[in-house]
Amino acid sequence: MSKRRINKIAIIGSGIMGSGIACHFANIGVDVLLLDIVPRELNDNEKAKGLTLDDKVVRNRLVNEALNASIKSKPAPLYHPSFRNRITTGNLEDDIENVKDVDWIMEVVVERLDIKQQVFEKLEQYRTPGTLITSNTSGIPIKFMSEGRSEDFQKHFCGTHFFNPARYLKLFEIIPGPKTDASVLEFLNGYGEQFLGKTSVVAKDTPAFIGNRIGIFSIMSLFHTVKDLDLTIEEVDKLSGPVIGRPKSATFRTVDVVGLDTLVHVANGIRENCPNDERHELFQLPDFINTMMKNKWLGSKTGQGFYKKSVSKDGQKDILSLDLNTLEYREKQRAKFATLELTKTIDKVVDRFKVLVKGKDKAGEFYRKSFAALFAYVSNRIPEITDDLYKIDDAMKAGFGWEHGPFQIWDAIGVEEGIEMMKAEGLEPNAWVKDMLASGSSSFYSVKNGATFAYNIPTKTQEKIPGQDSFIILDNIRTSNEVFKNSGVVIEDLGDGILNVEFQSKMNTIGGDVLAGLNKAIDLAEKDFDGLVVGNQAANFSVGANIGMIFMMAAEQEYDELNMAIKYFQDTMMRMRYSSIPTIAAPHGMALGGGCELSMHADKVVAAAETYIGLVEFGVGVIPGGGGSKEMALRAQDTFRKGDVELNVLQDYFLTIGMAKVATSAYEAFDLGILQKGKDIVVVNKDRQIATAKAHARLMADAGYTKPVKRKDVKVLGKQALGMFLVGTDAMEASHYISEHDQKIANKLAYVMAGGDLSEPTLVSEQYLLDLEREAFLSLCTERKTLERIQHMLKTGKPLRN
């Protein structure tokens with residue numbers, strides 16, 4: 001049997017989900033055919049142009065409008081605007097025969113069984129036998145959809161449920177039909193993880209599958225708890241947000257974004273189709289939800305939901321909150337709980353749960369009630385929705401953005417403690433949980449030899465979770481493979497001669513301890529190892545240098561110390577480039593300022609597709625001082641080609657820094673010159689990133705890596721470039737596009753990137769540019785307005801214009 005490959009896919013239905021899925025397949029390089037229905041009447045614009053229903057532009061209007069709307073939406077569905085070219089649009093009358101040429105057909109039409117069955121009947125007339133055919137349904141039973149279809153159709157048919165937005169949410173549920181071939185499930189499971197960058201979860205064909213069944217239960221349970229405990233929506237969002245590793249939008253803001261009608265639709269579906277669910281009554285909508293539905297208070301789509309934007313008479317914008325008792329909007333109230341104060345010094349979310357459930361206030365009661373209900377519910381869903389407990393955790397983390405799944409939270413609190421919490425609420429876990437404890441397993445998960453094991457209910461043993469061999473999970477090896485540790489980093493042995501240095505500071509900021517750790521890692525690697533990876537698995541790679549430290553030194557006028565600190569940063573970045581072992585940076589999430597500079601100085605970057613990287617120092621009133629300004633000047637000259645206007649090339653790199661541009665994906669970073677084509681690579685699945693970086697370090701070492709020779713051939717343009725920049729900044733300040741202080745910062749950057757005021761183009765060393773960069777950085781730190789900007793950033797997290 002030949003190996004199945006996906007070179008081309010047909011997406012049937014171009015709504016929000018269909019277009020989003022089409023964009024994500026385009027993101028990974030697949031040729032996409034996106035089809036939708038033909039309009040039945042002309043719109044006013046088409047009538048004015050004298051078009052008819054037979055014109056191609058009219059017949060493809062619906063699909064093109066839907067795709068264009070998706071591409072313009074925020075956050076962007078495409079990694080790069082040019083990837084739009086990988087999508088071909090058409091309609092279900094003129095172009096349906098083209099599905100014969102695709103490797104996978106995915107139906108994403110309206111959630112009505114009769115319409116889906118009609119679409120499948122039509123598709124089967126053109127589908128080539130052996131072609132995958134799936135449905136993105138969020139709840140219609142898979143077994144009903146393929147009824148009446150051919151044996152080959154049913155063998156290759158199943159559900160493939162993406163969560164919206166398809167690019168950003170990682171859950172990919174695969175739901176087999178009655179006759180789905182096992183090889184199809186195995187292929188989709190692997191494809192989702194390796195190619196789509198998803199967490200693939202095979203679910204049983206039950207209402208709402210896994211993610212929505214547990215997620216909607218959790219929200220509905222909370223809707224009832226909020227009334228029982230007389231909590232405000234602000235209090236609930238405070239308690240159910242980042243403090244427990246959930247998204248900032250927490251509960252009520254999330255419902256506003258998704259749409260209350262969507263939530264109600266799924267909740268009603270579970271209530272109607274799961275009559276034997278032991279918590280059936282919780283899926284009954286509370287009175288306040290019914291009133292909101294009646295009033296069309298559905299959230300962002302109708303302008304108001306649990307929150308409402310308002311503008312006062314004096315033009316001030318504000319956000320009002322819904323009072324669940326009066327159902328009237330009022331000013332937002334600040335939520336504060338003594339229990340939450342106790343967790344402020346606990347950095348790791350997983351370590352907070354034990355403290356939270358012991359709280360003596362209303363917050364503690366909230367956590368005990370909600371976790372007890374959740375634990376009991378998930379224990380009873382096995383084996384109904386899945387046979388494996390880890391799949392429930394995977395689904396909640398990937399589909400709802402939870403940092404920890406229900407069973408992981410239960411482990412953190414303690415299995416027996418969780419059972420006691422349930423008893424206090426009149427609940428009981430499923431019998432298999434007590435069987436687990438009786439069998440000698442005191443937790444749902446364990447770690448052995450760097451791999452995660454989960455309790456298997458039928459065998460009553462801890463078994464290795466499949467699919468881990470492509471991953472390196474730093475949490476699992478941090479203690480056993482530790483080579484060195486300080487307050488800023490942990491250095492781990494990844495095996496095969498490769499080290500990893502993992503930042504441990506708050507938000508992975510780069511301060512003295514992190515720089516010392518990086519130097520120590522290079523020392524160790526040069527002495528006893530063959531390569532070094534700089535990577536972590538936190539939410540963000542690094543948000544940059546520790547600006548609090550910079551502010552303190554500048555405010556105290558400790559300029560000698562600040563000069564030494566900046567030189568230490570620069571020297572460390574240069575060691576990343578000029579060491580005797582290959583260095584690989586593995587940025588993901590935010591890689592800003594110093595995090596970006598570090599990446600630019602590594603021998604190779606293995607970036608996660610979702611990397612938001614840029615030199616943002618202008619926002620705090622300085623220029624990049626860790627080698628970033630030097631590096632942009634160097635990269636500009638390296639791209640000078642015969643026939644180029646060198647000043648224009650340099651200006652592009654100057655503006656990347658001057659406008660604090662941040663790439664919204666790793667692919668955009670190539671456009672900004674931050675990543676380099678032919679050298680740096682992108683991985684779609686962040687879980688594979690460290691393993692991939694390690695493999696490239698090993699490959700470079702095996703190829704005979706030699707320490708590079710320091711550059712002394714950097715062409716700078718001197719006064720020719722400096723004059724152009726100064727004229728430009730004068731004009732921008734005169735037209736009030738930038739402030740006087742912005743102009744001062746820009747002029748300092750111009751001086752560095754021009755190589756100073758040299759009378760003619762000259763070849764200089766990197767160190768020459770680094771010295772100019774450090775001098776400019778220090779001079780800006782003496783400015784009052786720079787200190788104001790840094791202080792404002794420290795207080796608010798937002799840049800200040802002054």
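Biologist: Does A754 count as buried or exposed, and at what relative accessibility?
Modeller: This is a predicted model, in which local features need pLDDT of at least 70, side-chain atom pairs count only at pLDDT 80 or more, and totals for chains, interfaces and linings use all residues. Residues are numbered from 1 along each chain as its sequence is written, and side-chain values use heavy atoms, with hydrogens and water left out. Buried means under 20% relative accessible area, exposed over 50% and partly exposed in between, with a 1.4 Å probe and protein chains only. A754 therefore counts as buried, at a relative accessibility of 0%.

Biologist: Which residues is A754 in contact with, leaving aside its neighbours within four places in sequence?
Modeller: A754 is found in helix α31, where helices are DSSP runs of H or I with at least four residues, and strands are runs of E with at least two, numbered from the N terminus. Taking contact as heavy atoms within 4.5 Å, and setting aside those sequence neighbours, the partners of A754 are V716, L717, G718, A721 and L722.

Biologist: How are α30 and α31 oriented to each other?
Modeller: Helix α30 (residues 719-734) packs with α31 at an angle of about 170°, their axes being 9 Å apart; axes are lines fitted to C-alpha atoms, for helices over the stretch in contact, and angles run from 0 to 180 degrees between N-to-C directions. Angles under 35 degrees count as roughly parallel, over 145 as roughly antiparallel, 65 to 115 as roughly perpendicular and the rest as oblique. The two helices, α30 and α31, are therefore roughly antiparallel.

Biologist: What is the angle between α25 and α26, and how is α25 described relative to α26?
Modeller: Helix α25 (residues 594-601) and helix α26 (residues 628-638) have axes 10 Å apart and pack at an angle of about 45°. That angle makes α25, relative to α26, oblique.

Biologist: How many of the 11 residues of α26 are buried?
Modeller: Among the elements that cover the buried residues of α26 are α24 (559-577), α25, α27 (646-658) and β24 (714-716). Helix α26 is largely enclosed by the rest of the structure, because the number of its 11 residues that are buried is 10.

Biologist: Which residues have the most contacts inside the largest nonpolar core?
Modeller: A nonpolar core is a set of buried Ala, Val, Leu, Ile, Met, Phe, Trp, Tyr and Cys residues joined through side-chain atoms within 4.5 Å. The largest such core has 118 residues, and those with the most contacts inside it are F25, W104 and L518.
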